[in-house]
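Here is a protein chain to get to know, one piece at a time. Have a look at it first, then read on.

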Amino acid sequence: MKSYDTILFDLDGTLTDPGVGITNSVAYALEKYHIQVDDRKKLYRFIGPPLHESFEKYYGFSKEEAKMAVEYYREYFKEKGMFENIVYEGIPELLSDLKDREKRLIVATSKPEVFAKQIVEHFGLKEYFTYIAGANMDGTRTRKDEVITYALESCGLSPDSGIVMVGDREHDIMGANKVGLDSIGVLFGYGSRREFTAAGATYIAESVDKLSELLLTGKSLSEMSLEELWKLFPIFLTEHQKYWKDWYEEESKLLRHILPLEKVIRISHVGSTAVETIWAKPIVDILVEIKKEYAMEGIKEVLCQNGWGCMNQSENRMSFRKGYAEHGFAEKVYHLHLRYAGDNRELYFRDYLMENPAQAKKYEALKLELWKKYEHDRDGYTEAKTDFIEENTEKAMKAYGERYC
């Protein structure tokens with residue numbers, strides 16, 4: 001990841017957890033309209049977007065009703081709600097470390113600026129920020145792109161590659177995109193990986209520690225040591241998910257569109273995600289076999305132009321990855337194995353597990369046993385499975401003969 005000189009932080013859901021205060025304030029406003037909310041979690045969707053938009057969207061309020069609801073909301077919020085709030089663990093330390101590295105820190109929130117300043121000061125964070133930018137009390141300057149633009153102009157800055165926006169909702173990401181800034185979506189707030197991916201976040205941080213790594217290390221994947229890569233991309237197993245098949249079908253269709261099909265013999269779903277009965281890493285493995293008379297370099301060039309990164313290569317084999325980023329795994333992650341026709345032992349092993357449930361469960365048990373031991377040692381994990389895989393692949397090839405020749 002590249003280094004940033006200026007970092008804009010959203011407030012709610014990024015620096016502090018305002019869940020109690022905001023939901024209490026929204027519930028107070030809704031009560032004025034005789035609306036009772038039994039499950040407060042339903043009100044979490046008010047955290048982040050402009051309030052008047054949320055009242056209109058989720059409760060069908062007219063613009064005038066929404067405007068009045070915001071006034072009721074503020075009656076409670078300014079007296080109690082803004083202080084029913086906590087700073088996320090690790091945030092003060094992160095801000096201090098960034099300040100020590102002479103980074104310019106700015107708050108950019110859709111919350112009224114007057115409230116934002118009180119909250120930042122109340123929780124002892126004011127010393128870290130050059131400027132605190134927020135919305136106007138009259139309901140203007142509430143869109144995130146407007147707040148970001150206002151923050152930059154107030155600090156005499158223009159949008160450039162040295163500035164990043166950090167936030168917990170899609171509005172932060174879309175606002176940054178509109179202004180022309182990179183963005184980091186944080187998953188410890190109230191947003192989701194899906195919304196960040198859809199909105200086009202540059203990076204995603206699962207925790208405050210991961211956010212610290214992104215903002216303080218400034219390393220790209222190619223600059224990371226093997227140990228750093230293993231830490232960023234640990235071994236992780238989960239129960240079989242039906243959507244893995246959909247992921248494969250989606251990517252297989254794309255591959256058939258971009259690859260020269262006259263050179264391709266077969267595209268197959270291999271690896272544990274293809275076996276419906278066992279736990280697996282949530283990484284879809286795809287085997288692409290090409291005719292022996294064609295050079296692999298041409299296929300490599302096409303793949304790299306379409307979002308795949310080459311992991312390793314030899315004279316007759318190449319492997320690629322997709323869904324690896326500086327922030328960790330993306331929502332969908334793939335490995336692609338490029339081989340010449342007939343170099344397809346994975347197909348035999350896959351079929352053997354699918355047709356022999358007892359062996360599949362033995363393989364699952366082995367992987368679960370190795371998981372934590374080799375969580376940050378991918379090579380060790382692979383090597384520890386090799387004997388089982390080779391033994392059962394040999395059985396499969398004897399049983400199936402020339403099934404995939």
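What follows is a short tour, from the whole chain down to single residues.

**Ground rules**

This is a predicted model, in which local features need pLDDT of at least 70 and side-chain atom pairs count only at pLDDT 80 or more, while totals for chains, interfaces and linings use all residues. Residues are numbered from 1 along each chain as its sequence is written, and side-chain values use heavy atoms, with hydrogens and water left out.

**The whole chain**

The protein chain has 15 helices and 13 strands. Those are DSSP runs (helices are H or I, at least four residues; strands are E, at least two), numbered from the N terminus. Its C-alpha atoms fill a box of roughly 75 × 45 × 40 Å, taken along the principal axes. Of its 405 residues, 50% count as buried. Buried means under 20% relative accessible area, exposed means over 50%, and partly exposed is in between (1.4 Å probe, protein chains only).

Now for contacts, meaning heavy atoms within 4.5 Å. Take the ones between residues at least 6 apart in sequence: 67% of them join residues at least 24 apart.

**The cores and helix H9**

In soluble globular proteins, nonpolar side chains tend to be buried together. A nonpolar core is a set of buried Ala, Val, Leu, Ile, Met, Phe, Trp, Tyr and Cys residues joined through side-chain atoms within 4.5 Å. The largest one here has 51 residues, and Phe9, Phe55, Phe129 and Leu211 have the most contacts inside it. Apart from that core lies another, of 23 residues, with Leu259, Val284, Ile299 and Leu303 among them.

Leu211 is also one of the buried residues of H9. Seven of the ten residues in this helix (208–217) are buried, so H9 is largely enclosed by the rest of the structure. Its buried residues pack against several elements, including strand S1 (6–9), helix H4 (91–100) and helix H10 (226–232).

How do H13 and H14 pack? Helix H13 (345–355) and helix H14 (357–371) meet at an angle of about 110°, with their axes 5 Å apart. Axes are lines fitted to C-alpha atoms, for helices over the stretch in contact, and angles run from 0 to 180 degrees between N-to-C directions. That makes H13 roughly perpendicular to H14, a label used for 65 to 115 degrees. Phe349, Tyr352, Leu353 and Glu355 in H13 meet Pro357, Gln359, Ala360 and Tyr363 in H14.

**Single residues worth a look**

Two residues have a positive phi although neither is a glycine:

| Residue | Phi | Relative accessible area |
|---|---|---|
| Glu102 | about 65° | 74% (exposed) |
| Arg141 | about 55° | 19% (buried) |

Glu102 is in the loop between H4 and strand S4 (104–112), while Arg141 is in the loop between strand S5 (131–135) and helix H6 (144–154).

Arg141 is also among the contacts of Glu113, a residue of helix H5 (113–122). Is Glu113 buried or exposed? At 12% relative accessibility, Glu113 counts as buried. Its side chain makes a polar contact with the side chain of Tyr150 (3.0 Å). A polar contact is a pair of N or O atoms within 3.5 Å; within protein, one must be able to donate a hydrogen and the other to accept it, and residues adjacent in sequence count only if both atoms are side-chain atoms.

Finally, find Glu331 in strand S13 (328–340). Glu331 is partly exposed, at 25% relative accessible area. Glu331 and Arg194 are 137 residues apart in sequence, yet 7.2 Å apart in space, C-alpha to C-alpha. Their side chains make a polar contact (3.2 Å).

Terms used. Parallel < 35°, antiparallel > 145°, perpendicular 65-115°, else oblique. Lists of a residue's contacts leave out its neighbours within four places in sequence.
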